[in-house]
Amino acid sequence: MAVEQMAMPQLGESVTEGTISQWLVSVGDTVNKYDPIAEVTTDKVNAEIPSSFSGKITALLVGEGDTLPVGEPICTITVETAAEPSVEKLAKNASVVHANHEEVQPDTSMKRRYSPAVLKLAQEHQIDLEHLSGTGRSGRITRKDIENYITNGQATQEKQIDETKAESTRAGCFSDAVAQAATQSTPVQRIHENEAGDHVVPLTGVRRAIASNMLRSKHEIPHAWTMIEVDVTNLVNYRNQIKGTFMKKEGHKLTYLPFFIKAIVAALKEFPRMNSTWAGDKIIEKKAVNISLAVATDEALYVPVIKNADEKSIKGLAFAVDDLAANVRENRLSPDDMQGGTFTVNNTGSFGSIQSQPIINYPQAAILSIESIVKRPVVVNDMIAIRNMVNLCISIDHRVLDGLITGRFLARVKELLENINPENTPIY
């Protein structure tokens, strides 16, 4: 007997650490090499990691939710050291024993030797590899086998499990009552058939993580939504006056976003309940004001964090926004860039949007969308004037926040933005 350690694998070229989001095994479980043992989340992917050994799990060295660097031990596995016939050898010997039968059994000794590419693709599409036949050497499942399976519009792993249960029911393994209960409790999964000309887009780890987080937010958080309109004519005029000088002096563009963040942060300091999170039996008002900033790419949405935004000037916020956006575009985000956010700002106005209902960035209590600044006729002092108007849309966790405090918070943000001018709004 020998005790082997499993280490946190490197799930990407620039990944330096990972978080154990869920253990798939317990102490005492017996696993085979390549069996998934844990779900790991990094700043780039969510993935199941396979066992490096065949044996018995003797210790889980870290808990769910723990983050540790690549190479750090995560569990121990007791491995048989005596020369024992492996699963592959038994399968091969079985085919030899039955060689005098009318039909010789194929050699499938390599079927369960899955490559990382095969494991990743199977995980992304929820495919149970046990149900596939491999065309590789000794029955090994190849990436092409997976791609053919996907292209042909086969059922996902959940559908296969449902079919297996149905077959077992017909064989008498389940009573009619149990089968009926299982049918009622298990939602029917729609099978999407591919038609001529359809393009199948495999889910990336990032896209799967986004889907999981958004679904969790909508399922767990009772969303409420409201909107307020703000006259930002003074802000537009002030920014137009100084943007050229700022660019020459600092080498950065001065957009509207730092002004909005500055006002939002100031209001958060006055209304700390907006900067809080639901914790089951209590509400936690966060001391730090860390602004999560939604940044979109062609394939995904990232939410890096401006730490201690309440300590930054408008110049400091402008630099922070530019740096985070550049890190997203150039794929240089670190795990620290994505952690610690307490309130999310979503600049949907950059896409021309004038109204939106954002989904809360779990586990925060609110997310505010800044819409497009649009010239509109409004009534000012009983006269019609053309003003620069913007809608601020906010979604709140109704367990934590109510309309009264949210309305007061938005009114304060509105007041701060509408009173921006060169005298009371320093850039530095």
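This is a predicted model: local features need pLDDT of at least 70, side-chain atom pairs count only at pLDDT 80 or more; totals for chains, interfaces and linings use all residues.
Which residues of H10 are buried? They are Thr406, Phe409, Leu410, Val413 and Leu417. These residues lie on the same side of H10, because they cover an arc of only 95° around the axis. What covers them includes one helix, H8 (257-270), along with strands such as S9 (223-231), S16 (343-346), S17 (366-370) and S19 (383-397).

## The chain as a whole

Stepping back, the chain has ten helices and 19 strands. It holds 428 residues, of which 37% count as buried. The chain exposes about 24,000 Å², and carbon and sulfur atoms supply 51% of that area.

Contacts also link parts of the chain that are apart in sequence. Taking the contacts between residues at least 6 apart in sequence, 63% join residues at least 24 apart.

In soluble globular proteins, nonpolar side chains tend to be buried together. Here, the largest nonpolar core has 57 residues. Ile291, Phe343 and Phe409 are the residues with the most contacts inside this core. Helix H8 gives the most to it, with nine residues. Another core lies apart from this one and has 17 residues, among them Ile20, Ala38, Ile49 and Cys75.

Phe343 is worth a visit of its own. Setting aside neighbours within four places in sequence, Phe343 is in contact with residues including Ile264, Leu268, Met274, Ile291 and Phe409. Its partners also include Asn275, Asn290, Ser292 and Gln364, as well as Ala366, Leu368 and Ile394.

## Helix H9

Now turn to helix H9, which covers residues 314-329. How far apart are its end C-alpha atoms? They are 23 Å apart, which agrees with the 22 Å that 16 residues should span at 1.5 Å a residue.

The buried residues in H9 are Ile314, Leu317, Ala318, Ala320, Val321, Leu324, Ala325, Ala326, Asn327 and Val328. They pack against two helices, H7 (233-250) and H8, and against strands S12 (291-293), S13 (295-296), S14 (301-302) and S15 (305-306). Just after H9 comes Asn331, which takes a positive phi of about 55°.

Ser51 sits in the loop between strand S5 (46-50) and strand S6 (55-60). Is this residue buried or exposed? Ser51 counts as buried because its relative accessible area is 2%, under the 20% cut-off. The side chain of Ser51 reaches the backbone oxygen of Phe53 at 2.6 Å. Not counting residues up to four places away in sequence, Ser51 touches Met6, Val31, Asn32, Lys33, Tyr34, Asp35, Ile37 and Ile77.

Thr277 belongs to strand S10, residues 276-278. With a relative accessibility of 14%, Thr277 also counts as buried. A polar atom of the Thr277 side chain lies 2.5 Å from the backbone oxygen of Pro363.

## Two partly exposed loop residues

Pro222 is found in the loop between helix H6 (205-220) and strand S9. It is partly exposed, at 35% relative accessibility. Which residue lies 176 residues from Pro222 along the chain, with its C-alpha atom 5.6 Å away? That residue is His398. Leaving out neighbours within four places in sequence, Pro222 is in contact with Ile396, Asp397, His398 and Arg399.

Glu72 has its place in the loop between strand S7 (67-69) and strand S8 (73-79). At 39% relative accessibility, Glu72 counts as partly exposed. Glu72 and Leu61 are eleven residues apart in sequence, and their C-alpha atoms are 9.7 Å apart in space. Beyond its neighbours within four places in sequence, Glu72 is in contact with Met6, Ala7 and Met8. Met6 is also among the residues that Ser51 touches.

Note on methods. Residues are numbered from 1 along each chain as its sequence is written. Side-chain values use heavy atoms; hydrogens and water are left out. Helices (H or I, at least four residues) and strands (E, at least two) are DSSP runs, numbered from the N terminus. Buried means under 20% relative accessible area, exposed over 50%, partly exposed in between (1.4 Å probe, protein chains only). A polar contact is a pair of N or O atoms within 3.5 Å; within protein, one must be able to donate a hydrogen and the other to accept it, and residues adjacent in sequence count only if both atoms are side-chain atoms. Contact means heavy atoms within 4.5 Å. The arc is that of the directions from the helix axis to the C-beta atoms. A nonpolar core is a set of buried Ala, Val, Leu, Ile, Met, Phe, Trp, Tyr and Cys residues joined through side-chain atoms within 4.5 Å. Accessible areas come from the Shrake-Rupley method with a 1.4 Å probe; for residues, only the protein chains shown count as cover. The expected span of a helix is 1.5 Å times one less than its number of residues.
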